[in-house]
Every structure is written in structure tokens, then in C-alpha cells.
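Welcome! Please take a look at the sequence and the 3D structure below, and then we can walk through some of the strands together.

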Amino acid sequence: MAVNLVNVENVSKVYGTRTLLDGVSLGVSEGDRIGVVGRNGDGKTTLIRMLAKLEEADAGRVTHAGGLRLGVLTQHDSLDPEATVRHEVVGDMADHEWAGDARIRDVLTGLFGGLDLPGFPKGLDTVIGPLSGGERRRIALAKLLIAEQDLIVLDEPTNHLDVEGIAWLARHLQSRRSALVCVTHDRWFLDQVCTRMWDVQRGVVHEYEGGYSDYVFARAERERIAASEEAKRQNLIRKELAWLRRGAPARTSKPRFRVEAANELIKDVPPPRDSGELMRFASSRLGKTVFDLEDVTVQAGPKVLLEHVTWQLGPGDRIGLVGVNGAGKTSLLRALADAAASDGEKQPAGGRIRVGRTVKLAYLSQEVAELDPAWRVLEAVQRVRERVDLGKGREMTASQLCETFGFDKDKQWTPVGDLSGGERRRLQLLRLLMDEPNVLFLDEPTNDLDIETLTQLEDLLDGWPGSMIVISHDRFFIERTTDRVYALLGDGTLRMLPRGIDEYLERRQRMEQRAAASAPAAAPRPAAGKPEKSAADQRAAKKELQKIERQLDRIAEQESALHARIAEHATDFAKVAELDAELRELAGRREELELRWLELAEDV
């Protein structure tokens, strides 16, 4: 029988006139892996701080098992700014001691990319004081994971980690014996790591078995029983449930909770978005040209990030952009934005970016734009526009859109200066959408947003007709809102990934293995039987890759159009057979192109 590590008995917590937790009783046992979700401000962080005895409850009590070894990662680290990374992470251990410890090697490689901490000016001997918040947070996480604990409590551990870092952390936590309680908005991470969920809502904590997908199923079933048929139809949770059931079949290896009931609940729910319809609507708003890149080179100072890139962003394209930190994702968006803002006058270091005449760009950068702190939330939105057209005949007032983004009637009269960081982020995004753009650049849009707000944003973007590029370390958000994934792998190229983020992680792993294998050699040697390609051959291969990507884009558009025509002529069997033959021919052509693309990608 599992040993009980922590007991929370009838705990309550009040801030001012607001009750965050009201008579909550919970327990954490050996082997538990618990994810904590809920809206920002509903008490998730307060709950885990009281669980770890970092904060006192107003009523009730929290008890720990005797000799409990507890590790806590809070949102604000307690590192000594005058100490070195070495002192905080490995303490007084000699180099041969910590280097011989498999766990320490795994943590340093997983979080920093190598034992010598590449990216830090003096490696392990770097002083902590001048480092950024993200770097300090990774150091605090490394310090915690290297130690032995019975229970680990993590508050937003995926913040400041890239896609690879998040995937590594999920694998690491799966392999540990420690019990885990984790607050995070990263739904993919919750599905990979957690076997139970705590949903904090209005002072109460609801418990669910399974990871995030199971929690969505169970919550939808609970609301199906509690709500009337029409009310539940309007609930956003059903749309996300439909996405989960129609998406990758193995998002989690855990048993599904009431799968039959979940399927019954979504049997008449349409797909999250009609891509063909949105693309046609986008074409009418944007024209044929959005952004065309011809032999473009992008630099950051003297460093070349992208070289000889030929690529096209067309009307209705929804692109997810992933890559290693420093590969040039944000620099690429800025180059496109600069060209759009200057009507094509401002161009990158090499090549040319052509911008469509009808492009109206909105760019959500990682920096939160400063707003007058005296403005009210509703006033800040109305200063952009009173009403917004969302396409397909949908229109919303500023107040209605505020409610969609979690600003209820009372919150709409809150001064901007009193908002939290996450609320300011929501307001920034809201103001961008109110300006009715037809092209969206979203650079880390999920930062500081809770899961409920993320699902509302995803629902809004489902029906948004325009072109979109999303940079995010939240792979769930990328898979949910975009149709294709491109990667910057740090080698100066922009590559389409037919299998998305899974393929990106595989490619990155192969690159690291090749780098490790060739590290002792003076220079890398070409594989036996494969002569090394000249620079001219490499350029030709890159151009052919980009040509194939454009052909695949056109085939995808043709397939969407054929699907629409098949639906239109559903009762005409002869016509359907004719269209189906065209569809099979296109599928064969697409498979040939994808195989050729993979061959070229390996050569390049």
C-alpha cells in the first residue's frame, strides 16, 4: 500500500474579501503524479505553497510524513546572486564526482545542452547575478532535479524551456520515483507526466483520474450530466474534446475515462475549423500574395541566421514555427514585419521579401506593449475599435470580446495598472484582434495564459480567416491552431516537417548524435559510399526542397477543394467516383513528392 506523504485537511485561505480555497481536503501518496489546473487567480499557486508549507492556511491543517524529503520550484528562485552556477548546482563536489554521476550528467545535458553549459559565458563558473530570469530558472530547476526527493512540487516548470527541453523534462520526470505535484498550462506536458488532475475552481478542488486528455473527457461528461442539452452544446470544453478525439490516436498511453460517453457527447460536433472554407474567405480578403521570400538571408548583427531561403506564405496558411533558441524564429518574423511596415522598402541582408498589397499585419511580440495604466480594460479595447468582424457573419462588440478573453463585466472596469502579467498579455492580444488584421504573427502567445483562456483563444482562432505564423514552445497549441509545421534547425535553412513536432525532435536528436560522434575528429567525414556534396549541389538541393514544398502546398489546396466538391455532389455517385479518382491521383503525387523531399532533406 502506498505511503501517504502529505495530508491537506479542511484547509481554507482568504485574501481580502476573496475566498481562494474553502474547506479543501486532499492527499498526496507515494507514486502520485498530480497536475494542477484552473484559471489564473483561482488559487493554484496558493494551494501548492500551502501543500509545501511555504504559506500558512487560515483554517485547517497540512501534515507531512516524518522525514519527508521535499523539493520545491517556485516562480521566484532563491539563488545567491553572488554565487556561481557550479556552487548552486553541484556544490562542493569535485569534477570527477559529479561528472561520474549519470543523473547529474543527464540533468545538465537536458537543461543546458551539455556538461560545459554552452551559452553561459564561463560555463559552470558563471556568476548568477547578471543572468536572465529564464537562465536563473533553469539553474534552480537543475539544482532541484539533481537532489533526491520523496516529493517534488513544481510551479510552471516549462516556462523558459524550448520544445526539446520540455520533452526532456517529461521523460526525466516519468523515470523518477519521486511523487510529483505540478502546476502548468502546458497541456501536452500534463498528458505525458500526470496520472491525476486537480482542477481548482471557485474555492473548490475537483479531482480526476488520468492526464489532461482524461480530465477533459471526465469534465465534459460531468457537465453533460449537469447541464441541459443546449447549454452543454455551447460549452467550449466540447470543442476541445472533439479535437482530442479526432487528433493523434495516442496522445496518452493511459486508459480513457468514459470514452463511450465522450464519443456520444461529440458525435454531432463539427471539426474545429473548415480549412477549405477559411482559405477561400482568406483569399477574398488577402488576394493571391501575402509574403513571398526570394533567396532571403536574415542576420542578427554579424551572425547569419537564415541563408538563401525561398518560401511563400499564402492566403489562409496557418504555420507553426519551431526551432532551437537563437536559430532565428523571431528574427524571421521581424524581417517580414519590417518589410510589411515599410511597404517593401526595408529588406533583409540578402534577397527580397515581397508583401501583398492587401496585407494588414498584427504582430504579437514577446514584449508586452505598455498601455496607459489609468485606462480601464474596456476603454483600452474600445480605443482600437467598438466592434469586430470575425468572419463567416460573426461579429462581436468590444465588451463581448473582453468576456471571451476572461474579462467579465466587473473586470472590464479595472485600471490597466492593476492587471497581472497574464492579464496584460490577454489585453495585448485582444487589442490586436480588435484591429481586424488579415495576417497574424504570434510570438509565444501562450505565455502567462491559463488553460481556460488558451481554449477560448484557440476557439476564436478556429474561425479567424487569415494567414498566421505561430512561434511557441507549447506543442499542444501549435498542433491545435496550425496546419503545417516548419523548423529552423540552426543550419541556416527553413524546412517543412510533414510529421510536425515529433519529426523535429527526431531530427534534433540525430543532429546531436552526429555532432557527438564527430566531436573528437578534426573534421567530419562523409558517409561511406556517399560522396560529399559541393556548395553548388547543396544550393541546388535546397532550391529543389523549397520547390517541392510549394508543390505540396498547392496539392493540399487542391485536395481541400476536391473534398468540398465531393461533399457538394454527395448524391451524384458518378461524379463522386470521378472526383475520388482525382483525389487518389493527387495523393499518389503527394507521396512521391514527400519521399523525394525526405531524400533531399537527408542530403542537405
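Here is a short tour, grouped by topic.

This is a predicted model, in which local features need pLDDT of at least 70 and side-chain atom pairs count only at pLDDT 80 or more, while totals for chains, interfaces and linings use all residues. Residues are numbered from 1 along each chain as its sequence is written, and side-chain values use heavy atoms, with hydrogens and water left out.

**A strand inside the structure**
- Strand β8 (residues 196-201) is largely enclosed by the rest of the structure, because six of its six residues are buried (buried means under 20% relative accessible area with a 1.4 Å probe, protein chains only).
- R196, W198 and V200 point one way from β8, and M197, D199 and Q201 point the other way.
- Strands here are DSSP runs of E with at least two residues, and helices are runs of H or I with at least four, numbered from the N terminus.

**The neighbours of β8**
- Strand β3 (residues 33-38) pairs with β8 in the parallel sense over five bridges (two strands pair if DSSP finds at least two bridges between them).
- V37 has D199 in β8 as its bridge partner.
- With strand β9 (residues 204-209), β8 pairs in the antiparallel sense over six bridges, and Q201 stands opposite V204 in β9.
- β8 and β9 form a hairpin with two residues between them, and R202 in the turn has a positive phi of about 50°.

**An open sheet**
- Three strands form an open, antiparallel sheet in the order β11-β10-β13.
- β11 (303-313) and β13 (350-355) are the edge strands, each pairing on one side only.
- Strand β10 (residues 291-300) pairs with β13 over five bridges, and T297 has G350 in β13 as its bridge partner.

Definitions and conventions: Buried means under 20% relative accessible area, exposed over 50%, partly exposed in between (1.4 Å probe, protein chains only).
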